[in-house]
Amino acid sequence: MEDKRNNLISLGKTNIMVSRIGIGTLTWGDPAESRTLSSPRIAYGPAGSEKDQSEALEVSLNAGINFIDTAAMYGLGASERMIGKLTRGKNVVIATKFPKYFFITFTRSLPEDLRESLARLQRTTVDLYQVHYPFPWLSIPGMMRLMADAVEKGKVRAVGVSNFSARQMRMAHKILSQYGIPLASNQVEYSLLHRKPETDGVLETCRELGVTLIAYMPLSMGALTGKYDKKNKPEGMRKYLGFYWGKKFQKVLQLVNLLRKIGEKYSKSPGQVALRWLIEQEGVIPIPGVRNGRQAEHNAGVLSFSLDKADRDAIEHASVQWRR
Ligand SMILES: NC(=O)c1ccc[n+]([C@@H]2O[C@H](COP(=O)([O-])OP(=O)(O)OC[C@H]3O[C@@H](n4cnc5c(N)ncnc54)[C@H](OP(=O)(O)O)[C@@H]3O)[C@@H](O)[C@H]2O)c1
């Protein structure tokens with residue numbers, strides 16, 4: 001279901017209405033709590049101030065963006081704690097993820113992890129509870145049964161998965177359907193520099209099953225914003241990844257140049273064109289990571305224009321190498 005006037009769309013086949021774009025909060029949390037070895041800090045550099053995070057939230061809410069994505073793993077609870085603090089009493093849709101720890105976790109940990117997430121988020125219900133990764137040591141049917149139990153107890157409104165293949169999604173969908181619960185979403189990497197969901201069956205399966213595809217890293221860790229070049233690379237380990245390295249970076253900059261040229265027509269930036277391209281894919285919601293109010297305002301600007309067919313075709317043609 002879509003409410004075009006208010007830029008809202010339902011999460012899968014649930015009655016939860018979310019904005020066409022969300023907020024990614026991988027880097028959020030109290031900077032004092034940010035451990036030097038936490039994965040968001042290693043990838044992105046230190047967390048921004050609480051004021052920056054609070055402004056990012058306020059600007060987004062004022063622009064009608066109500067969908068916030070976090071995870072127990074982000075800063076080992078730091079992101080959830082900050083979201084809990086900043087959203088107290090506010091009308092938002094919060095998505096979080098199980099588990100908290102990468103390795104030391106079991107299928108049976110899910111109810112206790114959920115209890116801890118709810119405490120950090122200062123809520124009695126999570127709007128969307130997602131399985132973060134299909135770790136081979138966790139049982140998909142077992143986790144879906146525990147998810148169904150959490151829905152029945154009113155602790156979870158909708159169930160999602162993340163980084164699931166088409167086959168794994170079907171398995172989760174089948175178990176949940178035995179309880180009359182729809183699989184609401186699959187959160188996977190999807191951007192102009194990573195169009196694999198179009199070829200590995202995930203996007204097609206999402207559409208067939210009525211599952212929303214939540215697109216993470218929609219700006220390819222900032223590479224698609226056009227603010228980085230060979231002389232000016234970003235903070236954190238991300239600068240060593242393919243987006244920012246060697247021949248691939250050269251190709252990224254060529255694509256960014258095209259996005260910049262197309263964006264001039266609409267008075268939009270390369271990053272806004274990249275996010276708009278995702279929004280215009282049926283059933284896809286991007287969740288760009290935002291660091292401050294300025295970035296939030298900029299990202300909200302993608303709700304106020306649309307690409308014409310010639311521009312969409314040109315973008316798809318120029319990024320076809322990233323479909324593999
Ligand atoms: N499920 C999963 O496995 C998984 C994995 C990764 C991420 N995620 C989720 O997806 C979200 C998004 O992914 P991501 O944050 O890793 O990558 P991203 O959205 O592609 O990039 C985010 C980065 O781009 C820069 N940026 C964002 N908006 C901007 C703007 N308007 N102008 C200029 N720069 C801007 C910011 O970094 P700088 O300003 O420092 O450049 C920001 O941290 C995460 O926050 C998280 O919620 C999920």
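Pro99 is placed in the loop that runs between strand S6 (93-98) and helix H4, in a model that is predicted. The peptide bond between Phe98 and Pro99 is cis, with omega at about 5 degrees. Elsewhere, eight strands build an open sheet with parallel pairing, and three strands build an open sheet with antiparallel pairing.

**Parallel sheet**

- The strand order of this open sheet is S4-S5-S6-S7-S8-S9-S10-S11.
- Its edges are formed by strand S4 (23-24) and strand S11 (284-286), each of which pairs on one side only.
- Strand S7 (residues 126-131) runs parallel to S8 and is joined to it by five bridges; in this pair, Gln130 is found opposite Gly160 of S8.
- Strand S8 (residues 156-162) is largely enclosed by the rest of the structure, because six of its seven residues are buried.
- Three bridges link strand S10 (residues 212-216) with S11 in the parallel sense, and Ile214 faces Ile285 of S11 across this pairing.
- Helix H7 (residues 202-209) lies across both strand S9 (183-189) and S10, and its direction makes an angle of about 165 degrees with S9.

**Antiparallel sheet**

- The order of the strands here is S1-S2-S3, with strand S1 (2-3) and strand S3 (17-19) as the edges, each pairing on one side only.
- S1 and strand S2 (residues 8-10) are paired in the antiparallel sense through two bridges.
- Within that pairing, Asp3 stands opposite Leu8 of S2.

**Packing of H3 with H4**

- Helix H3 (residues 78-87) packs on helix H4 (residues 110-121) with an angle of about 45 degrees and a distance of 7 Å between the axes.
- The two helices, H3 and H4, are therefore oblique to each other.
- H3 contributes Glu80, Arg81, Ile83 and Gly84 to the contact, while H4 contributes Ser117, Arg120 and Leu121.
- Sorted by class, the contact of H3 with H4 holds three charged, two nonpolar and two polar residues.

- Helix H8 (residues 246-266) and helix H9 (residues 270-279) meet at an angle of about 90 degrees, and their axes are 8 Å apart.
- H8 is therefore roughly perpendicular to H9.
- On the H8 side the contact is made by Val256, Leu259, Arg260, Ile262 and Gly263; on the H9 side it is made by Pro270, Gln272, Val273 and Ala274.
- The contact of H8 with H9 comprises six nonpolar residues, two polar residues and one charged residue.
- H9 is mostly covered, with nine of its 10 residues buried.
- The buried residues of H9 are Pro270, Gly271, Gln272, Val273, Ala274, Leu275, Arg276, Trp277 and Leu278.
- The elements covering these buried residues of H9 include S10, S11, H8, H10 and helix H11 (309-318).

**Positive phi values in loops**

- Gln122, in the loop between H4 and S7, has a phi near 60 degrees, a positive value in a residue other than glycine.
- Gln122 has 14 C-beta neighbours inside 10 Å and therefore counts as partly exposed, since that class lies between the limits of 12 or fewer for exposed and 20 or more for buried.
- Met221, in the loop between S10 and H8, also has a positive phi, near 55 degrees, and is likewise a residue other than glycine.
- Met221 is buried, as 23 other C-beta atoms lie within 10 Å.

Terms used:
Residues numbered from 1 in each chain as written. Predicted model: local features only at pLDDT ≥ 70, side-chain atom pairs only at ≥ 80, totals over all residues. Pairing = 2+ DSSP bridges. Helix = DSSP H or I, 4+ residues; strand = E, 2+ residues; numbered from the N terminus. Contact = placed C-beta atoms within 7 Å. Axes fitted to C-alpha atoms, helices over the stretch in contact; angles between N-to-C directions. Parallel < 35°, antiparallel > 145°, perpendicular 65-115°, else oblique. Nonpolar A, V, L, I, M, F, W, Y, C, P; charged D, E, K, R; others polar.
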